Amino acid sequence: MKIFLDTANIDEIRRFHNMGLLDGITTNPSLLFREGQNPDYIMEEIASMVSGDVSLEVVATKYEEMVREGTELHDKGNNVVVKVPMTPDGLRACRTLSSNNIPVNVTLIFSANQAVLAAKSGAKYVSPFIGRLDDIGHDGMDLIRTILEIFGNYDFDTQVLVASIRHPLHVVEAARLGAHVVTLPPQVLDKMLKHPLTDIGLKSFLSDWRLLQKSQK
Ligand code: G3P
């Protein structure tokens, strides 16, 4: 399972990149807005810092504009995957960009039928938003299970990128189902690293080591 970081914060990306944990990055206009800096600068920095796939999202809503904007975004780096929304124009742009060898991530997926249409339009990734489904009382993980089953039935090459992840248990469940990618907010990746028994155990090892050193004097 690949691990992407879901952020436009360069410091957070650098922190986890230096640990060697990142297979890629996903961003969206809201994440860029949160940083309050020039979005072009941020997108270029991210694309050059990480060698894996970096999803950058178009804000155009019409087919021709999406293709033009997506092509420009891809010019920021060979690793740039163009994110388009799950709309009729988005799917048409997905088909065109994919045939031009520009990989596409179809975002804002909330049903298995949407995922099938995106896969048939040539998407490299589909991004089902599981947390937002959980928020309205649906079972986001059940959607992941269904999409994986359908893609397996037909040998689609499209990868399931589990998005809108809220907590570490979402990651375990996605991995158990065999999802191809999870994209994580930095705080979820931080929580995955931690366990209180690790901290307690380390403290006790170091304290015993100090006592041993004293006893040898
Ligand atoms: O990658 C999409 C993701 O950022 C959406 O997450 O938490 O805004 O639902 P959220």
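Q: How far is an oxygen atom of the ligand from an N or O atom in the side chain of Asn 28?
A: A polar contact is a pair of N or O atoms within 3.5 Å. In this predicted model, the distance for the side chain of Asn 28 is 3.3 Å. For the side chain of Asp 6, a ligand oxygen lies 2.5 Å from an N or O atom. Arg 132 places a polar side-chain atom 2.7 Å from an oxygen of the ligand.

Q: How much of the ligand's accessible area does the protein cover?
A: On its own the ligand has 310 Å² of accessible area, and the protein covers 82% of that. The ligand sits in the largest pocket.

Q: How many aromatic pairs does the structure hold, and what is the geometry of the one formed by Phe 110 and Phe 129?
A: Planes over 60 degrees apart count as edge-to-face. There are four aromatic pairs in the structure. In the pair of Phe 110 and Phe 129, the planes are at 65° and the centres 5.7 Å apart, an edge-to-face arrangement.

Q: Where in the chain are Phe 110 and Phe 129?
A: Phe 110 is in the loop between strand S5 and helix H6, and Phe 129 is in the loop between strand S6 and helix H7. The two are 19 residues apart, and their pair links distant parts of the chain.

How values were computed: Residues are numbered from 1 along each chain as its sequence is written. This is a predicted model: local features need pLDDT of at least 70, side-chain atom pairs count only at pLDDT 80 or more; totals for chains, interfaces and linings use all residues. Side-chain values use heavy atoms; hydrogens and water are left out. A polar contact is a pair of N or O atoms within 3.5 Å; within protein, one must be able to donate a hydrogen and the other to accept it, and residues adjacent in sequence count only if both atoms are side-chain atoms. Accessible areas come from the Shrake-Rupley method with a 1.4 Å probe; for residues, only the protein chains shown count as cover. On a 1 Å grid over the protein atoms alone, a cavity is a set of points where a 1.4 Å probe fits but cannot get out, and a pocket is an open set with protein on both sides within 12 Å along at least five of seven lines; lining residues have an atom within 4 Å of a point. A molecule sits in a cavity or pocket if more than half of its atoms lie within 2 Å of its grid points. Rings of Phe, Tyr and Trp (its six-membered ring) pair if their centres lie within 6.5 Å; planes under 30 degrees apart count as stacked, over 60 as edge-to-face and the rest as tilted. Helices (H or I, at least four residues) and strands (E, at least two) are DSSP runs, numbered from the N terminus.
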